[in-house]
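Please consider the structure shown below. A guided reading of selected features accompanies it.

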Amino acid sequence: MTDSIHAIPRRRALLLAAGAGAALAAPGIARAQTFPERPITLLVPFATGGYNDRLARAMAPFVQKHIGQPVTVVNRPGGGTVLGNTFYMQQPDDGYMVMVHSAGPYIPLSILTRNARYKADDFHMINLPSRDLTLAACATSKGINSIDEVVQRLKADPRSLSIGVQPASADLINMALWMQAHGIDRSRVRVVTYDGGGPARTATAGGHVDVGFVGGEGFLPIKDRIKPLLLFSDEKSTDYPDAPLLTDHARAAGFQPQSVDGSQRGFVVLKRFVAAQPERYAILLRAIEAATKDPECVSTLGNQQLATTWYGPEASNRAYLSSAALMERYADLLKQA
Amino acid sequence: MQTAILRRRIAWAPLALVTALAGIALAYLLEARGVSHDPQNLLLLQPTAWLVLGLWVFLAFGFLRMPVTEGEVRETPAEVLRILAMVGAFGLFILGLEAVGYDLSIWGFTLVALVIGGERKPLPLLLFPPLFMLGVVHGFRLLVPYPFPTSLL
Amino acid sequence: MIDFPAFGAALNMLGGSLDAWIWVVPGLLIGLLFGALPGISVSMAMALVLPATLYMDFLPAIIFLTSVYTGAGFGGSIPAVLINIPGTSSAVATTFDGYPMAQKGLHNEALGAALVSSCIGVLISYVILFVLVQPLAEIVLRIGPYEMAAIGIWGLVLLGSIGGSSVTKGLFAAGIGVLCGTVGMNTAGYMRGDMGIPWLLDGVPTIPAMVGLLAASQLFALVNAKFIVADESKRTISLRRIIAGGGLVLGSPVALLRGSFIGVFIGAVPGVGSSIANLISYGEARRVSPDPESYGKGNPRGLIAAESANSSSEGGSMATMLALGIPGGGATAILLASFAMHNVIGGPRFMEQNRDIVYAIIISNFAQALILLLVGTAFVFVASTVVRLPLRYLIPSVLVMSTMGAFAIEGSIAGPITLFVFAVLGWLMSRYGFPVAAIVVGLLLGKLIETELLRAWQLAGGDPLYILEHPVAVGILVLMAVSLGLSLRRDIRRRRALKAASAVA
């Protein structure tokens, strides 16, 4: 601990001399760094077994290979990631802990619905390889053929179909915006709430509800039992090539398509750390980028259905912040399920 | 089964317990009603809280005129004190986990609890708490994916 | 519905591969050990061994993981019987009669009975899975909010006033439990009772609260005692008596079969199944018993009913996982992850194309149930030395282990704090004659009933008559009313007969 405290000014001086750009690019300076000199921790704000936990555990050996220090995974679940995020905010800005997080929508949602004290802007995305989109789907046994049929029936009688969705979720925002665009009175629709994507999917596949609005990825193992009705996206998905897209649906119905990503998952640090320790951040960034692009990593993670796309900090932060802003704008839609 | 009722008295301790619990239930009901009157909020909560409050009336009335029966087996004051000491030590242990670290807290609590339990031999008092602490801390470090603060280990 | 060529291929696959077998015993032992530690859940145990399976072939990997699953399913019952700690929420009803048996010095018999009912429960559930995997999965998938709410209410009615000195006290305790179960954010997103504490929004942590109520409170009350089993001559550990306990199970085939069927169907429901099955099976055994008073005081049938139900839910949840690809809980989610690690995607297509592998998994689980009988006996034999430990050592050790377990399950200090609060509450309430078990039942079922009732209400759009579209739920409720009416009439008759008898005397 003491070591890193008096080490900072020396590195700052070095950095000033070299210039920030040079420090990022010059490997010579990186070699002079002692960071990291002890194991790196990947913090997952969810319990074991979920997507982020599996992603962190699968990535750990590859990050380790490229950063030269052991990488371990710890979980700190609870409070819709508030506990993990708050814990992370309390850690020193030394770069020894990196989060693997469904940053969008969990960070903005925890602020909007759980009164968390941090801001969406406090976090900095290194890379968000995994994106999950809201999918409106019904059980094949329901005999609903298209999203237009759903719109028609709900417009005629809002009580005619029941809708399954998670409260306080990106899916709910998408559902609400979609209903608003069609002039369907949401307060009269029979909306059934599920506290988790799993239960919401089971209810959809089991036909407990007529239509479910929930992240599409989790539906993959039971693809045969559901009919995808509408994908909240502007580009075709490889998972559901036949699912109609929101952009096309909106154009046909004559409204502006608006949607937020269901999940944006990947590596997250604090903005505070990036500002205070740019050279350490650069080392982390390089190692994570190299690990993500490592062919062995790509094939290993691919086998586990984990994403390894490299978007980089710029694109990832843009995607994260724009979806956070959209959520903030429609925060009142979240208040009432 | 017939026991002679000698006289009736107020059973203060259980009366205080049910009253406190009913008070918490009432406060909870009021807080929940403050959040929203929507049935989606109060569907199960409100009827249950009313049930608890209704039962409190019955129970409190019973405790006010508790029959004192003969042959009631009660602990001696010394025994009650020992239980309270254990409860207190356990509470301090929980408070100490984050404050002084899981290791020290486990060591201290094990030692105090052994003394409360009646262990007086110096050797076990000296050896068991630290060895047990070492086993627990290392064991759980291996098993559990969550970090916990320690001061010695 | 059995595909015989595939069955033959499965036997060949298992017969020809030593790899498929060597992992069974280590898997069972790891499961037993982790399951027996309070707070280390089945899914955590499986998550920890998951990386090791990456380097195995597909079949050995799945067999290893299901061995851990089977072992941990029973492991949780060991502390439930010996020290009143339900290692998982599926072992709550196991404590009701298991621990009183241990206190009476019948720990050998209790553990033997629990082991044999678990093994037979697993066996029966896999037999049902073997014959009916697809229909079973379809039935489970159809159990929606109406049916679950009806089942939950039934459980609460059966067990609401369990074990207390008076009905009023029982109901009061159950009411407090239900209220605790509603704290936090409910399924519709309303937040109440969280007192500004972030972790309370997820609700009162169930397992720490249960361990506090059932075990820690009991340990406080034992501070002035020397041993769990008061009579020194009864503190023996005897293989003969463990086996005799197993024999008790064969003498109660009805309780065993009823428990197993409840476990397969209710236990298989994704999410909450096995803990509810455990409670319902116990409650049913008590309700139909000619002697309900003896339950909660060490009646082995209560133990058998509880244990067969929680073990047989394994087969049920495997059915939903294999046939539908839906993970019912943490354990099956990890199995699916392991499938994925070997490039296998669970679900209907896997079932159709790889019937031989599915059969091999099922047959291996038959074998696991039988091997568990041996491994479990040895494990139980060692574990029951707990009754020989003096309480002055046992109390601090178990309190510390429970605290660490509470931490392990929550991942934060929330667990230990909950444990302490509910330990004090449980100690006070049991001291003044309130049934602590009723609070636990209320806590477990309250959460379930609120969630499911709320969804039912949302589905109906507030229209109570909508329930008529769900005949199964109506059926359960009618059955419940009739059976309650019958047992009430029986009670009244018995009381009248007693009164008449005493009047004559």
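The model is predicted; local features need pLDDT of at least 70, side-chain atom pairs count only at pLDDT 80 or more, and totals for chains, interfaces and linings use all residues. Residues are numbered from 1 along each chain as its sequence is written, and chains are lettered from A and ligands numbered from 1 in the order in which they are written.

In chain A, strand S6 (residues 162–165) and strand S7 pair in the parallel sense over 4 bridges; pairing requires that DSSP find at least two bridges between the strands. Helices (H or I, at least four residues) and strands (E, at least two) are DSSP runs, numbered from the N terminus. One bridge joins A:Ile163 to A:Val191 of S7(A). From S7 (residues 190–193), A:Arg190 and A:Val192 point one way and A:Val191 and A:Thr193 the other way, and all are buried. A residue is buried if 20 or more other C-beta atoms, placed from the backbone, lie within 10 Å of its own.

Helix H6 (residues 103–114) of chain A is mostly covered, with 11 of its 12 residues buried. Among them are A:Tyr106, A:Ile107 and A:Leu109. After H6(A) comes A:Asn115, with a positive phi near 50°.

Chain C and chain B also meet. To this contact (C-beta atoms, placed from the backbone, within 7 Å), chain C contributes 44 residues and chain B 51 residues. On the side of chain C that touches chain B, helix H19 (391–410) is one of the elements supplying at least two residues, and H19(C) gives the largest share, 12 residues.

Conventions
Contact = placed C-beta atoms within 7 Å.
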